[in-house]
Each structure stands twice: as structure tokens, then as C-alpha cells.
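Have the viewer open and follow along.

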Amino acid sequence: MDLRQALEIVSHTDPGMVRTNNEDSIASIPDKGLVVLADGMGGYNAGEVASGMATTVLTTELRQLLEDHAPNAVDPQSGQKAALKMLQQQIAKANTTIYRAAQSQPQYAGMGTTLVVALFYDNKVMVAHIGDSRLYRMRGNEFSQVSKDHSLLQEQVDAGMLTKEQAKLSSNKNLVTRALGIDPAVEAEIHEYETRPGDIYLLCSDGLSDMVGDEDIGMTLQALGANLNLAAQQLVQMANDNGGRDNISVILIKILREYPAGEGLASKLFGWFR
Amino acid sequence: MAKLILSMDGLVLKEIPLSKERITIGRKPHNDIQIDNLAVSGEHAVIVTILADPFLEDLGSTNGTFVNGKTVKKHFLQNNDVVELGKYKLKYISDVLPGATKAADFEKTMVLRPGAMRKPPDPTAPAAAAAPVAAVPGHVDTVPTGAHADAAALAAAGAPRSHADTQIGITAASVAATAAAPRSHTDTQVGITAASVAAAAAAPARRATLKLLSGANAGKEMELTKPLTTLGKPGVQVAVITRRPQGFFITHVEGANKPIVNGNPIELQAHALNDRDVIELAGVKVEFFFKP
């Protein structure tokens with residue numbers, strides 16, 4: 001099933017105003033409804049090696065898997081969707097790849113990356129994330145953060161030590177509690193959500209969310225949702241205007257119309273007459 | 001380094017650097033900051049610094065702890081906060097220099113390893129690890145305690161590693177060094193917030209307004225206060241005016257026709273607006289001008 005008619009996807013990545021190299025990595029497979037964003041960490045060029053490995057492994061492997069399997073198929077034994085298994089397995093594979101490279105090559109020692117992946121199928125999106133790269137959703141006038149960071153700050157907020165407002169003032173924004181490639185195994189947080197035509201999804205690295213307030217991000221999507229490319233550029237520009245202290249990456253996905261799964265004639269007709 | 005300035009009746013008594021991750025305040029002599037006054041409880045309050053974030057906590061004092069005039073149980077200290085205990089005042093100064101140049105080195109994302117969180121807390125600072133958690137009910141004690149010990153490990157380890165290639169993979173060994181670790185490097189981290197806050201506040205000083213020149217509402221004015229303002233009719237023709245540090249810019253968003261500025265259609269990219277520019281869009285004329 002080709003999702004290019006149902007999803008508009010644009011992406012933009014920028015090193016920012018302070019750093020010379022870009023350790024973020026983004027990738028998408030529009031016809032399969034897959035987008036991947038990774039924010040690498042580790043010295044010299046190791047960060048971009050880690051994030052690059054993450055996006056490469058995930059897109060290469062998932063492209064093949066999605067060619068052969070329907071993501072919405074349910075495994076009769078586990079009762080789980082194929083998409084879940086695919087994401088879990090391929091994230092594990094990416095983790096192992098990065099971990100082994102870090103172990104075997106001294107210059108890559110300790111490298112790792114955050115990750116946020118969104119897979120669209122059957123009027124749904126399955127989101128997997130590790131670390132503090134985020135997924136937001138704009139639905140109607142409501143702009144909200146969908147993923148919850150794996151970070152010290154988020155844990156402090158959850159524990160009641162800080163309010164969300166205080167968290168903005170914290171100096172400890174840069175500490176994540178989970179990352180890909182740091183340990184032999186990692187657990188991604190995976191959730192599935194219904195999508196609706198008109199929804200705009202935003203995947204971003206902390207270079208955006210640390211520099212631009214949620215309110216301004218929401219306002220930008222609201223105002224420029226008709227021109228997704230411009231919206232992506234505007235978001236990056238706002239982060240840079242505010243100092244651009246980190247690499248900034250954004251992927252925007254707009255749901256143009258419904259995309260129910262099913263190859264049969266009946267479901268196609270049903271899709272038309274909705 | 002961040003510090004506290006102790007004063008009474010406007011008279012500065014002492015400057016205390018926040019050199020430890022846990023600083024106790026009270027009347028009894030074993031406190032780090034001893035205030036020998038009967039209005040101050042034996043163990044009155046404590047300041048626990050988690051990396052660069054200092055938290056003030058009242059330890060159930062008789063007369064209470066006040067920050068900027070309000071009674072607090074637990075408070076995330078911000079620069080220039082004034083803590084009051086009885087007649088004594090403690091002013092918190094986070095030694096942040098806006099635009100601290102080294103901040104970028106410390107802003108790199110780092111990992112707190114979950115593996116390290118499972119290890120027992122550092123025996124030299126068990127109270128410190130427990131303190132921020134004590135006031136929080138319920139399930140949280142494993143996570144923040146671990147995170148705290150770990151965060152401290154990271155702060156300590158951050159020092160020698162700040163310019164090295166690896167910033168991930170802190171080992172348990174560094175925890176032991178935590179209590180004694182100098183704070184100079186964690187201090188540098190404080191610079192980050194101020195720098196970004198300063199950057200965020202760097203909105204253009206000039207204010208601008210749009211004035212409608214045609215249509216039923218001709219003569220009406222609208223100030224451009226938001227980072228971006230859209231003009232036009234959705235589905236027909238829309239443009240956006242963005243407010244940036246460099247000034248104001250108009251960009252085409254949707255529609256077959258581009259907005260016209262001073263008689264000429266603008267290009268695809270953002271077009272800088274000058275005082276008294278006339279914009280035509282979706283059949284409406286507006287004038288852009290800067291406010292004096």
C-alpha cells in the first residue's frame with residue numbers, strides 16, 4: 001500500500017548556530033509511512049555515526065519488512081500487531097549494531113543516540129521513542145506532546161520535585177536516562193494512536209524543543225500548516241533565532257486523508273464512501 | 001560558583017559558596033551554615049544541589065522558611081531568590097554569566113545509565129541522596145535517589161571529561177569522588193540556562209503595526225506582537241509575517257498569487273519589511289510601520 005497520497009512528509013535539519021557538525025540524523029520512507037529521527041551523542045564524530053547507524057538500520061530493515069508484511073496484521077499467538085514486533089526487533093538490532101561498533105572501535109567508545117520513530121498504517125500511527133527526541137501532535141487547535149522524554153528532568157517532574165514551568169529553568173536539560181547503543185539491550189517505549197485527516201505530527205530533536213516553547217511551536221503549525229515546508233523552515237529558524245545552541249531537526253507529517261488498511265475490493269469501496 | 005549571601009538588617013555577614021551538593025542551615029553548630037539565633041531551628045533547612053539545580057527544603061522548622069516573602073516547604077532556587085529564616089536573609093546568586101562561552105561543552109546530551117541506577121547509593125552521602133525524595137510521597141524513592149546519586153556521579157565525572165570525546169558511560173567509581181569533588185565544573189553548567197534565557201529574551205526592541213488601508217475596516221491597526229502573524233484567507237491566499245531579532249519578514253504561505261509589497265510580488269523566500277511598506281494580499285491593502 002502506497003501511503004504517499006495520504007501523508008505529506010517534509011523534513012529539515014540544521015546544525016544550529018553554535019555547533020559546526022550535525023549529530024542529528026533523519027530519514028523517511030514516504031510510501032511506507034515511516035519516519036525516523038535520531039539525535040546522536042558522543043565525542044568528535046561519534047554522535048553522528050551513532051545517529052546515522054540508527055536511521056540507516058531502521059529504514060533499511062523496515063523497508064524490506066514492510067514490503068513483505070502488513071504492519072496491521074495481528075499475530076494470533078501474542079495478539080500483537082506486526083508493527084510492534086517489527087519496531088521492537090529492528091530497534092534492538094540498531095541498538096546492537098551501535099553498541100558493537102562502540103565496543104570494538106575506540107574512537108566510537110560510548111557513543112549513543114536518542115530515537116523517535118513513527119510508522120503510519122491503517123489510520124493509525126505507532127510511535128517508538130528512546131531518550132528526549134519528541135513527537136508532538138496538532139489536532140484542530142490542540143497542540144500536545146505525545147511522547148514523554150526519558151530524561152532526568154522528566155523524572156524530576158514525575159516525582160513532583162519540579163513543575164513543568166520550573167523544568168524550563170533547569171540546567172539539567174541535557175541528561176537522558178535511556179539511549180540507543182549505550183547498553184547491550186534497550187527498551188523502546190512504543191504506543192499506538194489513531195490518526196485523523198488534518199492531523200499534523202512533528203518529530204523533533206531537543207535542539208527545537210529546548211529553544212522554542214511548545215506554545216510557539218503550536219502557533220507555527222497552526223499558522224503555517226497549509227505550507228508544511230515553510231512550517232519546517234520556520235521552526236528551525238525560530239530555534240536559531242533563539243540561540244540555536246544544538247542541532248535542530250524536524251519532521252512534519254500531515255494526514256491528507258484516511259488510509260485504511262486492506263487490499264480487498266470491499267474495503268476499498270468502504271474507504272471511498274467514508 | 002553559585003553562592004549565598006547571608007545578611008541581617010541589610011548588613012552582609014557572610015558569603016557562602018555552594019561548594020557541596022548538600023548544605024545544611026540551622027542553629028546547631030554541626031550545620032554548614034550556622035545561624036545562632038533562637039528564631040532559627042536546630043536543623044532548619046537544607047539546600048541540595050542536583051547537578052546545577054539547587055533545591056531548598058525546610059526541615060520542619062518551628063518558624064518556617066520563606067523565599068521572596070512566601071513560606072516554602074520545598075523550592076527550586078532561582079538567581080536572586082531571597083531566603084528568610086527569622087531575621088536572617090540568604091540571597092542566592094547563581095553565578096551565571098549570560099552567554100558563557102564554555103556552556104556548549106556541557107550542553108551536550110549525556111546519558112544517565114539505568115544500570116548505574118541500581119547500584120546502592122554512595123555511602124558517603126546517603127542523606128543527600130535521600131533528601132530530595134523525602135518530601136515526595138509514594139513510589140518515587142527508587143528513581144530519584146538513583147538518579148540523584150548518578151547525577152552527582154556525572155557531575156563529578158563531567159569535570160575531567162568535559163573536553164574529552166566521551167561523555168557517556170559514567171562508572172560507579174566516580175560516585176565515591178562525588179562528595180569531595182570541586183564544584184567548579186558543575187558551575188559552568190549553570191551558564192546554559194541563562195544563556196538560552198537571554199537568547200530567548202532577545203526579541204527585537206522595535207515594535208511594528210499593520211494598518212488596514214482598504215475595505216470596511218480601513219484605518220484599523222493591529223500590533224505585531226506574536227512571533228508570527230498570518231494574513232489573508234485560508235484556501236485563497238495566505239502570507240505570514242514573522243518577527244525575528246533582525247526585524248520583520250513577510251513570506252508567502254499558500255495560494256496562487258504571492259503577496260505584493262510596494263507594487264511588486266515578493267519572491268518565494270522571506271521578504272524583509274521596511275517602514276511604511278504597503279502590502280497587498282487577497283484584495284486587501286495594509287501598511288506596515290514601525291512604532292516609535
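## Around A:Leu119

In this predicted model, A:Leu119 is in contact with A:Gly33, A:Leu34, A:Pro71, A:Ala83, A:Leu87, A:Val125 and A:Met126, leaving aside its neighbours within four places in sequence.

A:Leu119 also belongs to the largest nonpolar core, a set of 97 residues. It is listed there among the residues with the most contacts inside the core, together with A:Ala54, A:Ala118, A:Leu203, A:Leu235 and A:Val250. Helix α1(A) gives the most to this core, with nine residues. A second, separate core holds 27 residues, including B:Leu6, B:Ile25, B:Val46 and B:Phe55.

## Helix α2 of chain A

Two of the contacts of A:Leu119, A:Ala83 and A:Leu87, bring us to helix α2(A), where both are buried. Also buried in this helix are A:Met86, A:Gln90, A:Ile91, A:Ala94, A:Asn95, A:Ile98, A:Tyr99 and A:Ala102. What covers them includes α1 (46-68), β4 (112-121), β5 (124-130) and β9 (189-194) of chain A.

How far apart are the end C-alpha atoms of α2(A)? The helix has 23 residues (82-104), so at 1.5 Å a residue it should span 33 Å; the end C-alpha atoms are 33 Å apart, in agreement with that expectation.

## A sheet in chain B

Over in chain B, six strands form an open sheet in the order β2-β1-β11-β10-β7-β8, with antiparallel pairing. Strands β2 (11-17) and β8 (70-72) stand at the edges; each has a single partner strand, so one side of each is left without a neighbour in the sheet. From one strand to the next, the twist averages 30°.

You can find B:Lys3 opposite B:Pro17 of β2(B).

## B:Ser61 in its loop

B:Ser61 lies in the loop between β6 (53-58) and β7 (65-67) of chain B. Why does B:Ser61 count as partly exposed? It has 19 C-beta neighbours inside 10 Å, and a buried residue needs 20 or more.

Not counting residues up to four places away in sequence, B:Ser61 touches B:Ser41, B:His44 and B:Ala45. B:Ile250, by contrast, is 189 residues from B:Ser61 in sequence and 58 Å away in space, C-alpha to C-alpha.

Chain A averages a pLDDT of 91, and 95% of the residues score at least 70. Where pLDDT is low, the predicted coordinates should not be read in detail.

How values were computed: Residues are numbered from 1 along each chain as its sequence is written. Chains are lettered from A and ligands numbered from 1 in the order in which they are written. This is a predicted model: local features need pLDDT of at least 70, side-chain atom pairs count only at pLDDT 80 or more; totals for chains, interfaces and linings use all residues. Helices (H or I, at least four residues) and strands (E, at least two) are DSSP runs, numbered from the N terminus. The expected span of a helix is 1.5 Å times one less than its number of residues. A residue is buried if 20 or more other C-beta atoms lie within 10 Å of its own, exposed if 12 or fewer, and partly exposed in between; C-beta atoms are placed from the backbone. Two residues are in contact if their C-beta atoms, placed from the backbone, lie within 7 Å. A nonpolar core is a set of buried Ala, Val, Leu, Ile, Met, Phe, Trp, Tyr and Cys residues joined through C-beta atoms within 7 Å. Two strands pair if DSSP finds at least two bridges between them. Axes are lines fitted to C-alpha atoms, for helices over the stretch in contact, and angles run from 0 to 180 degrees between N-to-C directions. pLDDT is the predictor's confidence in each residue, from 0 to 100.
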